[in-house]
Structures are given as structure tokens and as C-alpha cells.
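Look through the sequence and the 3D view, then read the points grouped by topic.

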Amino acid sequence: QLQASGGGLAQAGDSLRLPCKASRRNAYSMGWFRQAPGKEREFVGAVMYGGRKTYYADSVEGRFTISRDAVASTMNLQMNSLKPEDTGMYYCVAQLLRESSHMLASAWGYWGRGTQVTVSS
């Protein structure tokens, strides 16, 4: 199971950190997706198992950072310089079926329930 937390209200330019805790140690890659009201779910970022590589959506590159503590089975999404368009439900994911497909929601096997992030202008 995946448990995301840390969501809440923020103003443009603020920072938030979203932790995701896995119920047990795992050998999976992990990542984040988000979904705004009326929009499709979109890829935010991912970290491959062992932290050897990270991927980010163009829209968050340079503002968001993913880190992982494999021993603690946690992954963090540090979000800086937040924008209103970052508003959405953020989902923690794990078990990437194929690295080249990391931007596809269908490529991830496990999904957490999500945590809401709302950024006001």
C-alpha cells in the first residue's frame, strides 16, 4: 500500500513537500501523477529504483524534486515555486512496468489514494 500526505492549501510561490510511504520495503520505481478537475491524469515525476535516475514533466522541471529513501520505503516530492496550475490531486505510484513508459498511467501497477494540493494566485 502507498500512503501520500502533505497536501494542503498554498499560495503561488510557496513550497510544499509530499511524502509517500510504502507499507513495506520494495524494489520498485516510484513516482507521482496529478489530476486537476476536468482534466486527465498527468505524469509529474518518477525516481527509478536505487535512485539512479529521475524523470520530470516539463511543467515541473526545475521546480519539483523527487527523492527517495529506500531503507525507509519513503519517497518525497518537494514542490517549490508553486503555481495555480499545480492544483490537483496528487497520486503516489509504484511498480513501473517499463522505464520507457514512465509517463503513462497504465505503466504503473500500484496507486495510492491521493492528496489534494490547492494553489491560489
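The largest nonpolar core of this predicted model has 34 residues, and those touching the most other members are Trp32, Phe64, Met75, Leu77, Met79, Tyr90 and Cys92. Strand β9 supplies the largest share of this core, 5 residues. In soluble globular proteins, nonpolar side chains tend to be buried together.

- Beyond its neighbours within four places in sequence, Tyr90 is in contact with residues including Trp32, Phe64, Leu77 and Met79.
- Leu18, Val44 and Val117 are also among the contacts of Tyr90.
- The side chain of Tyr90 makes a polar contact of 2.9 Å with the side chain of Arg34.

**Arg34**
- Arg34 sits in strand β4, which covers residues 30-35.
- Arg34 counts as buried because its relative accessibility is 5%, and buried means under 20%.
- A polar contact of 3.5 Å links the side chain of Arg34 to that of Ser59.
- Not counting residues up to four places away in sequence, Arg34 touches several charged residues by name, among them Glu40, Arg41, Glu42, Glu85 and Asp86.

**The disulfide**
- The structure contains 1 disulfide, which joins Cys20 to Cys92 with an S to S distance of 1.9 Å.
- Cys20 belongs to strand β3 (residues 16-22) and Cys92 to strand β9 (residues 88-96), so the pair ties together parts 72 residues apart in sequence.
- The link between Cys20 and Cys92 is left-handed, with -80° about the S-S bond.
- Both Cys20 and Cys92 are buried.

Terms used: Residues are numbered from 1 along each chain as its sequence is written. This is a predicted model: local features need pLDDT of at least 70, side-chain atom pairs count only at pLDDT 80 or more; totals for chains, interfaces and linings use all residues. Side-chain values use heavy atoms; hydrogens and water are left out. A disulfide is a pair of cysteine sulfur atoms within 2.5 Å. Helices (H or I, at least four residues) and strands (E, at least two) are DSSP runs, numbered from the N terminus. Buried means under 20% relative accessible area, exposed over 50%, partly exposed in between (1.4 Å probe, protein chains only). A nonpolar core is a set of buried Ala, Val, Leu, Ile, Met, Phe, Trp, Tyr and Cys residues joined through side-chain atoms within 4.5 Å. Contact means heavy atoms within 4.5 Å. A polar contact is a pair of N or O atoms within 3.5 Å; within protein, one must be able to donate a hydrogen and the other to accept it, and residues adjacent in sequence count only if both atoms are side-chain atoms.
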